[in-house]
2 protein chains.
Amino acid sequence: MAAQKPGIPKGTRDFGPEQMLKRTYIMDTIKETFKRFGFQPLETPSMENLSVLTGKYGDEGDQLLFRILNSGDYLSKAKPEDIEKGSKHLSSKICDRGLRYDLTVPFARYVVMNRGTLSFPFKRYQMQPVWRADRPQRGRYREFYQCDADVVGTDSLICEAEIVAMINEVFEKFGISDYNIKINNRKILTGITEAIGEAGKETELCVAIDKLDKIGQEKVNEELIERGFSQEAVEKLQGILQIKGSYEEVLSQLKDTLASSETAMKGVEEMAEVFEYVKAFGKDNKFLDFDVTLARGLSYYTGAIFEVKVNNVSIGSVSGGGRYDNLTGVFGLEGMSGVGFSFGVDRLYDVLEELDLYPNNAMESTKVMFVNFDIESQTFCLPHLQTLRNNEISAEIYPQSAKMKKQMTYANNKGIAYVIMAGSNEIAEGKMTLKNMISGEQELLTIEEVVDRLK
Amino acid sequence: MAAQKPGIPKGTRDFGPEQMLKRTYIMDTIKETFKRFGFQPLETPSMENLSVLTGKYGDEGDQLLFRILNSGDYLSKAKPEDIEKGSKHLSSKICDRGLRYDLTVPFARYVVMNRGTLSFPFKRYQMQPVWRADRPQRGRYREFYQCDADVVGTDSLICEAEIVAMINEVFEKFGISDYNIKINNRKILTGITEAIGEAGKETELCVAIDKLDKIGQEKVNEELIERGFSQEAVEKLQGILQIKGSYEEVLSQLKDTLASSETAMKGVEEMAEVFEYVKAFGKDNKFLDFDVTLARGLSYYTGAIFEVKVNNVSIGSVSGGGRYDNLTGVFGLEGMSGVGFSFGVDRLYDVLEELDLYPNNAMESTKVMFVNFDIESQTFCLPHLQTLRNNEISAEIYPQSAKMKKQMTYANNKGIAYVIMAGSNEIAEGKMTLKNMISGEQELLTIEEVVDRLK
């Protein structure tokens, strides 16, 4: 059999050691913060029944699901007419399961299935890959990680403030200092449609203003007129969308401008309360940007919505979320209010790369390598290697004697910080030479001294 | 639309908070050990091209692959005769990708694709789920984690000794003290066939003696005769398989018994060298069980083979591995010797459960919860909550005021170690009551004192 030239599926990636260290640093930092705020880990299966997945992400989402072929003689359940009806129809006959598309629907499914044993409010975080059969392009993959934290079973706005606090702390740990946490409230958007005399057209409003950044106010106005908004409404809206300023200033302007809408006033009240909590947590408010034009696509949000943008980098939007009032309703459990948000690992990876923010200690692999000169040197080194490991120092020996240059190249490529050399002179003294691979500095030391230096 | 009653696919599992804490403890312990020995992380995509996967696991393995239906109009590539030929044939026309079946083949694929940039010897660990369309039963799942560590690009037997050392250290950390690391060598098994005059029948020998534990010596003898072994060979073999004792004793007996086979002598030499290295690492040899009857099914092993058994528990076999000389050959890269092993997370989970070995600190979720009496108490507590978090203490506040009993039940269910209560008396003093949820002990403290107690 001729050897195959192997490849990997389009839109998927291998993560080698260097990428893994960076990704682990990102995910550990997020995880530590989630835990510090009382969130607990959850993992759900990679595959879900298609009955759980379909119909949850719109028609487009359904088409982007990866479907898993049933095992065994899967065609035996399909009739000839099923095949004639074509791919889309047949897939429902030959596939019962699909790959997870996001972490939200599996979470809702988990909550419903375990409603009897969970303690509410239930605070969970989940960091797992999801799969979408999207056309791959720069920054868009078919397999990628999501890092979600959600609280369900409470409508307390402390949860919203804690999301702000968590984003704040994660970014502080990363050393990202120029970013905005955009925040708005779906009730305010609903209230705007009421206040401008276009009640009930919230979806059209959201779709249009979501494009503000891309196409500008004028084009958005045209679109709204096309979608049946009156000229007067569009003018009123334009005034409202231009409300800007500090959080307090936006609050106070909205209170005046949207006074006619009860829904808007409820949203404004919520936003005021969230702000009070953020202040109570002692968080710096300069990152918080009350942005009336923030809409976010997903339709299940019913309260606060968030979006986090890192400034002065190419892909800025790295996190988002919001409150939903009925996440689990589709699975038969009504009235479960919750709020959650998600970090995009791939985007954070690029941001930290662009800003050169990976700390050196996160990038460390093996700390020290013993050079393997010959059997005598190897025999001398093995017990010392073990001593280092016993002291929690990551250490290895080049597993066979080889040219010095080859061994040093290996250590360099692996980013090893120190090498230890023990030739016959060192062995005679019962010592070893510790070399710092960056400074080039060398010291003749006992193993105890090496431990002291490296620990 | 009527609400669906959701479920999860057969053979898959959700891991809730308690299970996740235990699993994380297991995987972190293993990961720390891998890293301390100089292994670097790798992750490969969940899906691989079927051309990479098929033909690597035998016919049975091919049937257990989960295949992913191609996106879009997948039937357009299938002709009517493809459909007539049935499920097995059609699947190759409508599926290009499948889910990872193990971590070894993707690792081999990665090494071959990155041969030009990797530094050899390449030491990688990989901890990811794999999928098999097996019939689910107790302890057998369709999605489960493997934790593999492999070195490729060296035939140094130090690597074998390091595997023994790693198993030793992982078990020590777990507090498992009654276990055996069974070790044997494929060259010895080959040598046995030579020594008993049945050269070339290594596969038959391995298949038969793999069943020794289950069916006993007599039945194994019958099977061997059926498979064409002579009566004399079977009798000779029986004597060899009864060789037992300390590592040194087995070594010395094999040296005598198998002297006629060069291959066996090479295997014996290797085993002696591995043993020397294990001793050089200062490892206790009492766990090391040189077991001539250990065969291990997988046919790609060519040198040392391992299997780890925890004694006096229901499912004892938790780890295994061995040396292979040509893992990457199938992808066109010849002569890459390597050695690796794998921990089974699910089995270790059950073993630690059965032996009650999970440490308390690994099971801790939130350390402290603030009880939420009313708005006044909440307002008082929020800044203190933040102070605890600033001190790396995981803390939360019950997000709304609710009956005391409800809040305490929540804290109990979540395994929270302490609660803080601040009613009007405490607030007047600027202090709070810290209650130990296990001892019931209560103290009136300032926030600084709370930090001191909990840090």
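Across the interface of chain A and chain B of this predicted model, 42 residue pairs are found in polar contact, both residues having pLDDT of 80 or more. A polar contact is a pair of N or O atoms within 3.5 Å; within protein, one atom must be able to donate a hydrogen and the other to accept it, and residues adjacent in sequence count only if both atoms are side-chain atoms. Helix α15 (residues 375-390) of chain A provides seven residues, the largest share of the side of chain A that touches chain B. Helices (H or I, at least four residues) and strands (E, at least two) are DSSP runs numbered from the N terminus. Ten salt bridges are counted between chain A and chain B, a salt bridge being a side-chain nitrogen of Lys or Arg within 4 Å of a carboxyl oxygen of Asp or Glu. In one salt bridge, the side chains of A:D14 and B:R109 meet at 2.7 Å, N to O.

Local features need pLDDT of at least 70 and side-chain atom pairs pLDDT 80 or more, while totals for chains, interfaces and linings use all residues. Residues are numbered from 1 along each chain as its sequence is written, chains are lettered from A and ligands numbered from 1 in the order in which they are written, and side-chain values use heavy atoms, with hydrogens and water left out.

With contact taken as heavy atoms within 4.5 Å, 102 residues of chain A are in contact with 102 residues of chain B. The area buried between the two chains is about 8500 Å², of which carbon and sulfur atoms give 58%; buried area is the accessible area (1.4 Å probe) that two parts lose on being put together, summed over both. Of the area that chain A buries against chain B, A:R36, A:E43 and A:R389 supply 8%, more than any other three residues.

In chain A, eight strands form an open sheet of mixed pairing in the order β1-β5-β6-β11-β10-β9-β7-β8; two strands pair if DSSP finds at least two bridges between them. Strands β1 (40-41) and β8 (288-290) of chain A stand at the edges, each with a single partner strand, so one side of each lacks a neighbour in the sheet. Strands β5 (residues 122-131) and β6 (residues 143-152) of chain A run antiparallel and are joined by ten bridges, with A:D148 in β6(A) as the bridge partner of A:Q126. Seven bridges link β6(A) to β11(A), also in the antiparallel sense, and A:D150 is bridged to A:G340 in β11(A). Strand β10 (residues 317-324) of chain A pairs antiparallel with β11(A) over six bridges. Six of the seven residues of β11 (residues 338-344) of chain A are buried, so this strand is largely enclosed by the rest of the structure; buried means under 20% relative accessible area, exposed over 50%, and partly exposed in between (1.4 Å probe, protein chains only).

A:T293 lies in the loop between β8 and β9 (301-310) of chain A and is buried, at 18% relative accessibility. Its side chain makes a polar contact of 2.6 Å with that of A:D291.
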